[in-house]
Amino acid sequence: MNDISPLSVPARQERVRKPDWIRVKAPTSPGYHETRKLMREKGLATVCEEAACPNIGECWTKKHATVMILGDVCTRACAFCNVKTGMPRKVDPNEPQNLADAAAEMGLEHIVITSVDRDDLPDGGASQFVKVIEALRRTTPGTTIEILTPDFRNKHERAVEKIVAARPDVYNHNLETVPRLYPTIRPGARYYASLRLLETVKKLDPSIFTKSGIMLGLGEERLEVHQVMDDMRSADIDFLTMGQYLQPTPKHAKVMEFVTPAAFNAYAGIARAKGFLQVASSPLTRSSYHAGKDFAEMRAAREAQLARAAAKV
């Protein structure tokens, strides 16, 4: 949910045929339909649907969903993102409790909450994130909470202070791509501002896990990806996700390359060597894909790291 105008991309493009490793089957399972029905009943939007995630069938079958708060209309228009752009509706005061009730009904052990960009709001929507976290803590206290926020352009420090005080378990904000591609892929955002946001989270509360991700296949170079990894580690980011960019419609940014599974594995090895606690890297990886399992592994990795440090004292 970041920023580029689809108008800067040619209206008609020939799409590159997807390789076999990126193809997924259309969702048909009863679990998928049950999850879909519950989201409708609670009046909740999901990034799974709005962003046309390829993993929706697998995740919804397992009753995993990434809930998108603050409506389904974004104030920005990204070349890579399929979420609608326009003037959003008023913030729904019932949304936090509806979300918490859905999480309780689904028996979620881990939940991921994201949002559209809300540049129209004084705090960018930070207070709604806080209300959602508080509602979840009251209603389903055993659920671990992961948030994926926008960049809160020009107000990130105040926004982050509010959210960190509510103590989510994981704070995620995606850098999306390499700095060189920001003018065309993320023109409304600033690479180093996004890095500073995540760095601010760690300075305010080092116990909160931080997470960020990038898309591959937009024309980035290998050494540029390595530099992004170094920048993330300088900001003390714990968890890196890397996945294949897929063009939602012909109006969006074109796929420049389908990165092979072997290349994703190679990037993962380099990232682990650079010191990330957790790395998820594959063509179908998305920010919230297998998020609960990855969180448990990341928490165990930190505990092992702290135990090794204590043993050396």
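This is a predicted model: local features need pLDDT of at least 70, side-chain atom pairs count only at pLDDT 80 or more; totals for chains, interfaces and linings use all residues.
**Entry 1: the annotated site**

I started with the UniProt record, an unreviewed entry, which places the feature "binding site" at Cys-48, Cys-53, Cys-59 and Ser-288. Where does Ser-288 sit? I found Ser-288 in the loop that links strand 10 (278-281) to helix 11 (291-312).

Leaving out residues up to four places away in sequence, I saw Ser-288 touch Thr-66 and Val-112.

**Entry 2: helix 5 and helix 6**

I then turned to helix packing. I looked up helix 5 (residues 126-139) against helix 6 (residues 156-165): the axes lie 9 Å apart, at an angle of about 5°. Helix 5 is therefore roughly parallel to helix 6.

Which residues meet here? From helix 5 I listed Ala-126, Ser-127, Phe-129, Val-130 and Ile-133, and from helix 6 Ala-159, Lys-162 and Ile-163. Sorted by class, this contact holds 6 nonpolar, 1 polar and 1 charged residues.

**Entry 3: helix 8 and helix 9**

My last stop was helix 8 (residues 191-204) with helix 9 (residues 222-234), whose axes cross at roughly 35° and come within 9 Å. On the helix 8 side I noted Tyr-191, Tyr-192, Leu-195 and Glu-199, which meet Val-228, Asp-231, Met-232 and Ser-234 of helix 9. The class tally for this contact is 5 nonpolar, 1 polar and 2 charged.

How values were computed
Residues are numbered from 1 along each chain as its sequence is written. Side-chain values use heavy atoms; hydrogens and water are left out. UniProt positions are given in the numbering used here, feature names are shortened, and annotations may be inferred rather than shown by experiment. Helices (H or I, at least four residues) and strands (E, at least two) are DSSP runs, numbered from the N terminus. Contact means heavy atoms within 4.5 Å. Axes are lines fitted to C-alpha atoms, for helices over the stretch in contact, and angles run from 0 to 180 degrees between N-to-C directions. Angles under 35 degrees count as roughly parallel, over 145 as roughly antiparallel, 65 to 115 as roughly perpendicular and the rest as oblique. Ala, Val, Leu, Ile, Met, Phe, Trp, Tyr, Cys and Pro count as nonpolar, Asp, Glu, Lys and Arg as charged, and the others, Gly among them, as polar.
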